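I opened a new structure and kept notes as I went. The entries follow the order in which I looked things up.

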Amino acid sequence: MSHFDDLETRSSDERHAAQLAALRALGGVTADLRDLSDLSRLPVLRKSDLSARQAANPPFGGMHVGPVAHVFQSPGPIYEPGGTTHDWWRMGRFLHACGIGPSDVVQNCFGYHLTPAGHIFENGARAVGARVLPAGTGQTDLQVRAARDIGCTAYAGTPDYLKVILDRADESGVDLSFTRAAVGGGALFPSLRKEYADRGIATLQCYATADLGNVAYESPAMEGMILDEGVIVEIVRPGTGDPLPEGEVGEVVVTTLNPDYPLIRFATGDLSAMMPGVSPCGRTNGRIRGWMGRADQTAKIKGMFVRPEQVAALVARHPEIRAARVVVDREGEMDAMTVQVTAEGGDEGAWAASIADLLKLKGRVERVDDLPNDGKVIDDRRDYG
């Protein structure tokens, strides 16, 4: 299959230079960056920060915004701008990787009400020349009839809603013409992907957010998710803005190069890890392993909130500590906290004192040889069932 554009196959040096130039052109805090690695010196922007900025200066918090066609509202509430120019959210690249093009009719089952998902995928469909049935969510019987009458060949929506449509069509004795599905907004489980494949529907997923647009996407190679060309992705230690080495699980932090609405080091709250090498499909950008959980692991222990940044502060206070993890369990009817520490040397008594100071709680200290590479800094093992 041909690629969406030449950007997908450029060298890492070409990509680095182009992204650095685009960053500098945004102005402000990025104007004086000498290298992409200098991004790590800038603060992380969290949803709570964005919400506070918007409350003080509605609707977009004073962020630089070019001409926009829509204003969306996501839970929080947080407001996002939207454009109608070519591939504004960069979703066309993903739809092209799915094999969707001018001969297709896309049944777009992402929501159009307040939130931007429906418009994000419709804008991407226009970028690849496909026609769109703006179906939105619900009214499954009407969805089935429209899919049959119009001859929809591709589905866009959450992974599980396609099964709802297909099952209803089976119950009604209706044959549908879907051969491709572009999904997001939820986990695509292997069993569900296989069920669609058994029906002749090739299904790929993307990783996108209302604030950022497309961040990463699968190609037919299905080896991780390829980073979009219009973003810079870092994996950082949860609770900090410190980049992690390739392969280590941490929080996904994204910088968008959209001059209409640039977000610098926006923390998604999601966990993932960078993969080595490049995709066999020929696209040369980096890859992430996909969604691996949430980075916001805040837990309430003995009535006190413990947050990832407090665990990060413990590690920063003691240079000999390589990593630390708070494990929460129940002993009898009481919360019990153990802090697992991997370190070269060090004084466990000093660690315990810092734990009491920083976490405002006392807990056991357990020295361990290693910790799992899963991005967890707070492991809540309590059974809430």
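The notes below go from the whole chain to an annotated span and then to a cavity.

Entry 1, overall form. I noted before anything else that this is a predicted model. I looked up the extent of the chain and found that its C-alpha atoms fill a box of roughly 70 × 55 × 45 Å along the principal axes. I then checked the radius of gyration, which is 23 Å; a compact globule of 385 residues would have one near 21 Å, so the chain agrees with that expectation.

I counted 9 helices and 20 strands in the chain. I looked up burial next: 50% of the 385 residues are buried. For contacts between residues at least 6 apart in sequence, I found that 61% join residues at least 24 apart.

I consulted UniProt, where an unreviewed entry places the feature "domain: AMP-dependent synthetase/ligase" at residues 118-255. I looked at that span in the model: it is 30% helix and 29% strand, and its end C-alpha atoms lie 23 Å apart.

I searched the whole structure for cavities of 30 Å³ or more and got 1. Which residues line the cavity? I listed Trp88, Trp89 and Arg90, then Asp211, Leu212 and Gly213, and finally Thr256, Asn258 and Tyr261. I sorted this lining by class and recorded 4 nonpolar, 3 polar and 2 charged residues.

How values were computed:
Residues numbered from 1 in each chain as written. Predicted model: local features only at pLDDT ≥ 70, side-chain atom pairs only at ≥ 80, totals over all residues. Heavy atoms only, no water. 1 Å grid on protein atoms, 1.4 Å probe; cavity = no way out; pocket = protein on both sides within 12 Å on 5 of 7 lines; lining within 4 Å. Points joined across faces, edges and corners; volume = space filled by probe spheres on them. Nonpolar A, V, L, I, M, F, W, Y, C, P; charged D, E, K, R; others polar. UniProt positions renumbered as here; feature names shortened; annotations may be inferred. Helix = DSSP H or I, 4+ residues; strand = E, 2+ residues; numbered from the N terminus. Rg over C-alpha atoms; globule rule 2.2 N^0.38 Å. Buried < 20%, exposed > 50% of the residue type's maximum accessible area, 1.4 Å probe, protein only. Contact = heavy atoms within 4.5 Å.
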